[in-house]
Amino acid sequence: MGENGSGKSTLLRIIAGVDLPDDGEVTVSAAGGIGYLGQTLDLPGDPTVQQAIDAVLAELRALERGMRRAAEEQDLTLYGELLTAFEARDGYEADARVDKAMHGLGLAGIERPRRLSTLSGGEQARLGLACVLAASPEILLLDEPTNHLDEAALTWLENRLRAHKGTVVAISHDRTFLDRVATTIIEIDGGTTTRFGSGYSGFLTDKAAARQRWEQAYAAWREEIDQVKEFAATTARRIAPGREMKDNNKMAYDRNAGRVQSSVASRVRQAQERLRRLEADPVPRPPKPMRFSGTFSGTGTTLDHGELRLEPGDQLLITGPNGAGKSTLLAAIAARAGQQAGYLAQEVAFDPDRTVLDTYGGDPDALLATGLFRPEALHLKVGALSEGQRRRLALARLLAGEHDLLLLDEPTNHLSLALVEELEQALRDYQGTLVVVTHDRALRRRFTGKEISLPC
């Protein structure tokens with residue numbers, strides 16, 4: 001897992017052998033073969049569904065042909081080796097597994113002679129997944145396998161992957177999928193990888209602990225900075241310039257005062273050097289917890305839109321299949337609400353030639369305090385941002401305003417999972433009126449407000 005553009009898909013393609021690394025070596029040991037989700041539909045011409053299936057089962061088909069040749073040539077040693085490999089992958093059940101997978105993924109009605117070009121994008125993706133699973137390779141490499149799946153298909157897939165006897169490497173932003181399937185999380189961030197060994201729940205626990213350590217380290221750094229500054233400012237004043245001279249011994253008095261002043265000056269210089277080192281190696285300020293602001297006066301505006309009525313403080317979840325009109329409904333509510341609403345659309349149009357900071361339109365320190373952007377990104381052109389970065393920019397603008405009504409269309413799309421968890425907490429703490437459209441199963445499951453489902 002990781003931000004969009006962090007290299008997850010590239011890494012998976014390199015493991016699959018589809019792409020070559022610019023540097024380093026890749027070693028993959030998989031006697032039972034590798035199945036890569038993207039390979040099924042990458043076929044020349046306009047193949048049929050059956051041809052797509054045969055392409056993915058090519059290794060098993062080749063083993064079958066080899067077994068027939070070895071039997072004809074009475075090469076029992078070769079036949080035994082091929083048979084062992086074939087049975088290890090349960091080759092005799094391969095076609096039955098195709099049927100089972102297509103049924104489980106909602107493709108039971110698609111006939112084998114049908115051309116791939118006649119299938120929708122979602123159907124092609126599900127067919128690719130069904131074929132890779134049916135091939136039953138030792139290693140499964142799956143890039144966003146939960147896309148385009150309904151609830152029944154998701155449950156089937158999760159059960160199928162938990163039962164897989166080999167290794168599964170999946171890229172996913174689906175928190176429920178990760179919670180149910182993943183035993184290990186590898187996070188890619190800034191070109192580095194971090195391994196979390198207790199699944200998604202362990203990832204969240206470790207992230208929370210890391211955040212607490214960061215806050216403690218920053219507080220300790222700030223405290224030491226303040227102490228050193230105070231020491232440097234007050235140490236020189238500890239000499240009482242008008243203290244009484246003993247025995248009228250001016251020479252001794254001056255000599256002792258000189259030694260004290262020299263000692264004080266040395267301690268001040270040490271403090272200043274310590275301060276310089278502390279400030280040269282600062283602990284970055286942790287981002288503030290995400291928070292949506294509003295007036296929350298308790299006398300918010302009641303909003304009517306057809307049969308939908310929103311009272312102040314309502315929390316509403318809108319669900320329904322693709323094409324049911326969820327986004328259209330949310331946009332219509334936003335148009336009626338006008339400036340009082342904070343509206344996060346699925347696709348936000350920004351001027352690609354403006355910088356991140358200009359588009360944000362506020363104090364750079366306020367933007368950095370959100371933790372959504374690093375300092376070096378503030379002057380990037382919006383046109384050069386990834387989808388995830390553009391989504392964070394839209395979210396930052398929403399956080400900067402005060403809104404008693406929030407209208408959020410797929411708010412967790414293209415965000416890192418750590419940020420998604422923080423966003424969900426901010427929504428739980430929000431006191432205004434909230435309307436959310438989402439396919440995020442974890443967000444839907446935890447939502448405590450009212451829910452309406454739009455029909456097809």
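Tutor: Contact means that heavy atoms lie within 4.5 Å of each other. In that sense Q346 is in contact with S327, R391, D409, E410 and N413, once its neighbours within four places in sequence are left aside. The model is predicted, so that local features need pLDDT of at least 70 and side-chain atom pairs count only at pLDDT 80 or more, while totals for chains, interfaces and linings use all residues. Residues are numbered from 1 along each chain as its sequence is written, and side-chain values use heavy atoms, with hydrogens and water left out.

Student: Where does Q346 lie, and what makes Q346 partly exposed?

Tutor: Q346 lies in the loop between β9 (341-344) and α12 (356-360), where helices (H or I, at least four residues) and strands (E, at least two) are DSSP runs numbered from the N terminus. Its relative accessible area is 33%, and the terms are buried for under 20%, exposed for over 50% and partly exposed in between (1.4 Å probe, protein chains only). The value of 33% falls between the two limits, and therefore Q346 is called partly exposed.

Student: Which side chains does Q346 join by a polar contact, and how do you know that the term applies?

Tutor: A polar contact is a pair of N or O atoms within 3.5 Å; within protein, one must be able to donate a hydrogen and the other to accept it, and residues adjacent in sequence count only if both atoms are side-chain atoms. The side chains of Q346 and S327 are joined at 3.1 Å, and those of Q346 and D409 at 3.5 Å, so both pairs come within the limit. Q346 and D409 are 63 residues apart in sequence, yet their C-alpha atoms are 5.4 Å apart in space.

Student: Why does H164 count as buried?

Tutor: H164 has 11% relative accessibility, which is under the limit for buried, and so H164 receives that name. H164 is found in the loop between α7 (151-162) and β3 (167-171), and a polar atom of its side chain lies 3.3 Å from the backbone oxygen of E138. Apart from neighbours within four places in sequence, H164 is in contact with P137, E138 and L140.

Student: What makes S172 count as buried, and which residues is S172 in contact with?

Tutor: S172 has 2% relative accessibility, again under the limit, and therefore counts as buried. Its place is in the loop between β3 and α8 (175-181), and leaving aside neighbours within four places in sequence, S172 is in contact with M1, E144, T146, F177, L178 and L417. A polar atom of the side chain of S172 lies 2.9 Å from the backbone nitrogen of D174.

Student: How do you know that α3 and α4 are roughly antiparallel to each other?

Tutor: Two packed helices are described by the angle between their axes and the distance between the axes. Helix α3 (residues 58-72) and helix α4 (residues 76-88) pack at about 155°, with their axes 9 Å apart; axes are lines fitted to C-alpha atoms, for helices over the stretch in contact, and angles run from 0 to 180 degrees between N-to-C directions. Angles under 35 degrees count as roughly parallel, over 145 as roughly antiparallel, 65 to 115 as roughly perpendicular and the rest as oblique. The angle of about 155° is over the antiparallel limit, and therefore α3 and α4 are called roughly antiparallel.

Student: Which residues of α3 meet which residues of α4?

Tutor: L60, L63, E64, G66, M67, A70 and A71 in α3 meet L78, Y79, L82, L83, A85 and F86 in α4. These residues divide into 11 nonpolar, one polar and one charged, where Ala, Val, Leu, Ile, Met, Phe, Trp, Tyr, Cys and Pro count as nonpolar, Asp, Glu, Lys and Arg as charged, and the others, Gly among them, as polar.
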